[in-house]
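Colleague: I would like to learn how to read a model of this kind step by step, beginning with the chain as a whole and ending with a single residue. Could we go through it together?

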Amino acid sequence: MATSPHRPTDLPQDLTTHVMDQALGHVFTAALRTAAHYRIADRLAEGPRTVEQLAAATDTHAPHLRRVLRYLATRGIFREDAAGAYQLTPAARPLRTDVPDSLHAAVLMMTDELFLRTSAAMPEAVRHGGASFERIFGTPLFTHLLTDPAARQLFDDGMASLSAPVDEAVADIYPFPETGTVVDVGGGRGGLLRAALRRRPQLTGVLFDQAPPLAHHLLDGDELKGRWRTQEGDFFTSVPEGGDVYVLKHVLHDWPDEACRRILRTCRAAMTAGSRLLVIESVLPPGNAPHFGKTLDVAMMAVVDGQERTADEFATLLSAGGFRLTRVLPTPAFPSVVEAVAE
């Protein structure tokens with residue numbers, strides 16, 4: 001049978017089911033959050049368990065838990081074996097809390113009410129512009145986090161979880177200098193700075209951010225002793241001077257262009273002639289190909305009025321901030337390393 005010229009060949013024949021399955025994407029989000037909340041992956045770490053065993057261990061209703069796990073298994077999250085027991089899959093492993101690349105906290109953050117309500121209000125954001133979050137909660141996200149300690153903890157834990165695999169990928173792919181100083185601007189708990197310093201024993205670093213994430217930094221330990229310091233501040237006002245490499249990881253995507261230009265100019269003012277700037281962000285590919293950055297772009301639009309960008313958009317933005325884009329290095333994770341030098 002010939003394919004309609006208006007219908008891509010990769011779509012299923014039953015378009016009603018396909019579209020409605022996409023419309024119920026929030027159900028998958030809720031199911032994934034349920035599994036993370038009850039730490040099902042942790043309980044399967046030592047081998048398959050029946051739903052009854054899992055329900056007893058989590059004090060949950062076995063028939064309902066079975067239905068949630070059956071649904072998750074259709075997406076590769078867990079698998080039911082021939083005996084009716086559930087087991088871990090590669091996609092379920094990051095839900096464990098005791099593995100180095102755990103995404104457990106990131107899943108709890110991204111499926112929290114803060115973000116679900118924000119996404120549900122997207123039609124209003126599209127009508128009026130600006131972030132859904134501010135319309136719902138009455139204040140921008142980062143202001144809200146300063147006044148809600150529980151939300152701040154959720155956000156910092158989630159970002160540290162999401163960052164861990166990215167930090168290692170970036171430190172592996174980018175040739176940080178053997179000596180000098182890396183200034184991690186808005187670096188959170190310092191996972192990327194830690195990964196870079198571990199690979200370059202003569203390198204030093206400055207972790208620059210607000211007080212809440214700095215209070216839980218990851219830089220302690222004999223391996224890095226004497227090679228780092230933290231500094232509290234506001235990257236719209238100033239950043240530490242004299243660094244050799246400045247890093248902005250998942251910072252610019254939080255802000256619209258004008259705010260990004262302010263951040264870039266602040267970094268430029270602190271840099272020397274030979275300094276480099278690394279922007280660690282998703283770089284959006286052209287066309288209709290799926291890419292996690294395109295998903296993240298819409299999420300950032302709703303939450304903080306931020307955005308992901310194409311390589312050309314980064315070049316334009318960097319130029320306005322006093323930089324010249326020199327290269328874009330893909331990583332095995334979802335972001336790329338956008339390198340720039342001061343003009």
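Colleague: Of the contacts in the chain with a separation of 6 or more, what percentage is accounted for by residues 24 or more positions apart?

Modeller: Bearing in mind that this is a predicted model, residues 24 or more positions apart account for 60% of those contacts.

Colleague: How many helices and strands does the chain have, and why is the chain described as being as compact as a globular protein of its length?

Modeller: The chain has 16 helices and 10 strands. Its radius of gyration is 22 Å, close to the 20 Å that the globule rule gives for 343 residues, and therefore the chain is as compact as a globular protein of that length. Along the principal axes, the C-alpha trace spans about 65 × 55 × 45 Å, and 43% of the 343 residues count as buried.

Colleague: Where does pLDDT stay under 50?

Modeller: That happens over residues 1-7, for which the model has 6 contacts beyond four places in sequence, whereas the chain has a mean pLDDT of 94, with 97% of its residues reaching 70 or more.

How values were computed
Residues are numbered from 1 along each chain as its sequence is written. This is a predicted model: local features need pLDDT of at least 70, side-chain atom pairs count only at pLDDT 80 or more; totals for chains, interfaces and linings use all residues. Side-chain values use heavy atoms; hydrogens and water are left out. Helices (H or I, at least four residues) and strands (E, at least two) are DSSP runs, numbered from the N terminus. The radius of gyration is taken over C-alpha atoms; the globule rule is 2.2 Å times the number of residues to the power 0.38. Buried means under 20% relative accessible area, exposed over 50%, partly exposed in between (1.4 Å probe, protein chains only). Contact means heavy atoms within 4.5 Å. pLDDT is the predictor's confidence in each residue, from 0 to 100.
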